[in-house]
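Welcome to this short tour of a protein structure. Take a moment to turn the model around on your screen, and then follow the points below one topic at a time.

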Amino acid sequence: MVMGSLQNSFRLLGAVGAFVLVATTHAQEPEYVAVKAGRVITVSGEEFSPGVIVIEDGKITAVGIGLEFPASAKVINAQRQTVMPGFVLPRTRYDLKRFSRSGVHGNQSVADEIYVDRVGFDEMREAGFTTACFIPSGKGIPGMASVYRTGGDEEARLVAGAGYLHVNATKKSTLRDALKKAKEEIEKIEKARKEWDEKQAKKKDEAEKGDDADKPDSDEDDGEKDGDDKGDEKPKGRRASDDEDGEKEPKPADGADSAAAKKAEPETFKAPPIDPKYQPLVDLIEKKDDVRMMVQISDAAELLHLDEILEPYEDISYTLYLATGRSTDYHYVLKQLGERKAQIAIRPNLHFLPQTTFRYNLMAKLVKAECEVSAVLYSDTKIELSRIRARLADLVRAGLKKEDAYKMLTLHPAKLIGLGEKIGSIEKDRDADLVFFDGDPLDPHSTVRRVMILGETVYDADEDE
Amino acid sequence: MLHRARLLTLLLIVSMTVPLVRAGDPKPDKDKPSKDKTEAKKDAAKDEKSDDDKDKKKKKKKDDRYFAIKAGTVHTVTGATLFDVTILTKNGKIIEIGESVEVPEKAERLDASGYHVYPGLVAVSSSGVIGSEPPDDSTDVFSLTMTIGLAGGITTAVTGNTAGKLTFSTLEGLVVKRDLFYKLSYSSSSPDGRRKLREKFDKVRQYMRDLEIYADEKKKDDEAEEPDKEWLTGDFKKIHALMRGELVAVASADRAYEIVQYCELAERYGIKIVLRGAMEGWTVPSRMARAGVSAILSIRPPIFSTDTGHDERINRKTGRSIENAAILARHGIPIAIVPSVTSITLWGLAGRDLLHLNMEAAFAVRGGLSEDAALRTITIDAARILGIDHRVGSIEVGKDADFVITDGDILHYMTHSRWTVVNGRIAYDKQKESLYDHIRPDGNRDAPPPDDYWPRCLGTN
């Protein structure tokens, strides 16, 4: 690969990210790139033909027809090419070895088994993929899936804050028991906090009793709202005691006994440790941001079982991987999937209607039911990386809308892995991850001419030749 | 058919007694003045109350689910056979059967006039139609085998030690009863096992005697010592329940000598035993009757390699007999019938698999069992043996709304299930499944297919 000095600086940019960038390169002029394309498929909005994409420091700043851009911009002439967002692979084990693991391992991550130089990222980006989410291997809950860029600085390929907890729900008890355990962990902390609060309240009461005689201050305070105070203190627990402890801390002067006791005890509440294996599930139950779960189910009935598992946990969010190896009878639950606007990853194929020789465009039906569908590789092999376009073209021929097919490769998987605001479409403030085709992207005969990650060209078919 | 004459006499009785039953909440129409409005209201209030206590939460979430069948002939099994009545069900339970049932407007309706309505069949052992134990964790409620089971008229099946429903497309109300039986093994090939089992029983029996003595002593002496019961856990606890009549034992026994040994065990410890197999039961029926055992049998059991039938060289009755069920029934032994293969199999077409549960019962008729009794062996008697006869096995108010609606006598080989209803939901519709829709025994091959003809999902939308 050819790397000019310009590209080296891009490498740096990619590595350090936008924040640091402002700080370190404030004196320098931002790096501008302008892509003049024959056709721009933005995915999220309208198509431009021809169109211009303006990129500043690896981020898209504008897209449209006949846009102006700074004279210093590096211009990429792709007037005869079609540009679309880089493909996103929402679930793969490409080039990773299979090993078995069972049980709950929320503390493990697939990142621990990935050596960036050993995964065929070059093959991925040559097929148009700019981002891929790798899942850990194993049954049950084998751990966290991690997101990688397929090009750029090797140190900076791992995308922080993306990915999901990979859950295989085929055995119903796995997830049910794991969630139960996570709930117990939460209850354990709540209980410990309650005990601590009670202890503090008790201590405070004692301190107050000791103080009462000597302190005119406290008398004044209590004077007017005596009843209210007492009513508040006990049930409120945590907050009341926390606040008031803070106030009373500086005046232990007279109540010698109680003050000594106070000092001996730790002043802040220390939560008992959570079993790290269950941490992601605890976060899910507590609805923390940036935690996701992708549940793999193997047939339609498993969705009903999943609903039963999740019933006690209100509105727990999850995405779905519909495995198609054993059964493809998801048409039974189209309504249920549509109602929850499920985010779904599935292998693109014209599946058989179970027990028949009828071909059935399940993906089109899922889209029609208003699910957000993402395509995964049919198998984690090199040939499938490029064949995925042909498979989607098959589905388009069988009734799927082209725009939906584009989304299956870009925007929807980006959302699925938690990067919907960063990648997956060509619009302002998105990362400049682009793929250039010399024809229609869904035409199996068209080839990838160029791939760009964060505004940097990571693959150029013309230079390779 | 033989049925006819009997049915006609029943019709007379029925016409005098209809409406037979009235319970529940039919929500009378406001426009129509109802004779027994006050009565209905009273009943409605009553029903609301008892229901409210049970599932208050559920009611808040979901509306009541009504389902009404306009039935041609209703074979209640435990009561009279009814003609041209309406069966009204609410939330999966039968709430009213009669000629003038007021059906709530929002109710789902099924016009089955001209069809026969039977209680859903009970398969006392099965594999594949519902998931393996525990079925509520493993059942594929969209599986083809479940659909085939429903096509065979089965609505309740036993998997492992649990009875469950074939609740197509939903997990609601799947499990009927867990821990059906205590599994007993008293095999002559394991004398040591026998001794150990007897020791366990003896120990529990001694404990029960000690308890009685203690109860007597307690009256005289306040400080009497209670017998130690720390050991009464696990297997012992189950045996204790067994000997108190709270649990029923199940054992496999085909040969006469095996059957007799279990009979002895049943008499010795006063326990209830259900014998699976009971192939040679017909040779020792009075022994079985005395011991009070019940039997789960196949009319055409599998062929044994050592003994394929009556063996002339042995100077006693041995082997299988098609009369087995008839003879046992004549001796008052409760029997349930299952095919010898208890799964859905490809070689079972018109064969001995679970798809032909009704055919297996029909073969018992061939062996001399009355048609009534044969129907009972796959409905109410089977339910009774499983201890779930309060829920399934017959069409009665208060019981589960499980029906198989057929185009003829259920014991006839030409009869198909037209609809199968489970928990008040149509779980199988012959016209909407690919399996048997092309078979039209009534000869009406040119009848137009339904609007959403299979494969439904490939339709115009």
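Two strands pair if DSSP finds at least two bridges between them. With that in mind, strands E17 (residues 448-453) and E18 (residues 456-460) of chain A pair in the antiparallel sense, over 4 bridges. Please remember that this is a predicted model.

**Chain A at a glance**

- Chain A has 15 helices and 18 strands.
- Of the 465 residues in chain A, 41% are buried.
- Looking at contacts in chain A between residues at least 6 apart in sequence, you will find that 72% join residues at least 24 apart.

**A hairpin in chain A**

- E17(A) and E18(A) form a hairpin, with 2 residues between the strands.
- In the turn of this hairpin, A:Leu454 has a positive phi of about 50°.
- To follow the pairing by eye, look for A:Arg450, whose bridge partner in E18(A) is A:Asp460.
- Strand E18(A) is mostly covered, with 4 of its 5 residues buried.

**Where the two chains touch**

- The contact between the chains involves 16 residues of chain A and 13 residues of chain B.
- On the chain A side, helix H3 (172-212) and helix H9 (300-310) each supply at least two residues.
- The largest share of that side, 5 residues, comes from H9(A).
- Sorted by class, the side of chain A that touches chain B has 7 nonpolar, 5 polar and 4 charged residues.

**The domains of chain B**

- The domain assignment of chain B gives domain 1 as 1-120 + 394-461, and domain 2 as 181-392.
- Between these domains of chain B, 12 residues of domain 1 are in contact with 13 residues of domain 2.
- The domain 1 side of this contact in chain B has 6 nonpolar, 3 polar and 3 charged residues.

**An open sheet in chain B**

- In chain B, 4 strands form an open sheet in the order E6-E7-E8-E9, and the pairing is mixed.
- E6 and strand E9 (175-177) of chain B are the edge strands, and each pairs on one side only.
- From one strand to the next, the twist averages 25°.
- Strand E8 (residues 162-165) of chain B pairs with E9(B) in the antiparallel sense over 2 bridges.
- Here B:Ala163 stands opposite B:Lys177 in E9(B).

**A covered helix in chain B**

- Why is helix H11 (residues 357-366) of chain B described as largely enclosed by the rest of the structure? The reason is that 8 of its 10 residues are buried.
- Among the buried residues of H11(B) are B:Leu357, B:Met359 and B:Phe363.
- What covers the buried residues of H11(B) includes strands E6 (121-123), E7 (154-159) and E14 (335-337), together with helices H10 (324-330) and H12 (371-377), of chain B.
- Just after H11(B), B:Gly368 takes a positive phi of about 115°.

**Two crossing helices in chain B**

- The axes of helix H6 (residues 191-220) and helix H7 (residues 234-243) of chain B come within 10 Å and cross at roughly 65°.
- The crossing of H6(B) with H7(B) is right-handed.
- On the H6(B) side, the residues that meet H7(B) include B:Phe201, B:Val204 and B:Met208.
- On the H7(B) side, B:Phe236, B:Ile239 and B:Met243 are among the residues that meet H6(B).
- The residues of this contact between H6(B) and H7(B) divide into 6 nonpolar, 1 polar and 3 charged.

Terms used:
Residues numbered from 1 in each chain as written. Chains lettered and ligands numbered in written order. Predicted model: local features only at pLDDT ≥ 70, side-chain atom pairs only at ≥ 80, totals over all residues. Buried ≥ 20, exposed ≤ 12 C-beta atoms within 10 Å, placed from the backbone. Contact = placed C-beta atoms within 7 Å. Axes fitted to C-alpha atoms, helices over the stretch in contact; angles between N-to-C directions. Domains from an automatic or database assignment. Nonpolar A, V, L, I, M, F, W, Y, C, P; charged D, E, K, R; others polar. Left-handed = near helix turned anticlockwise from the far one by under 90°.
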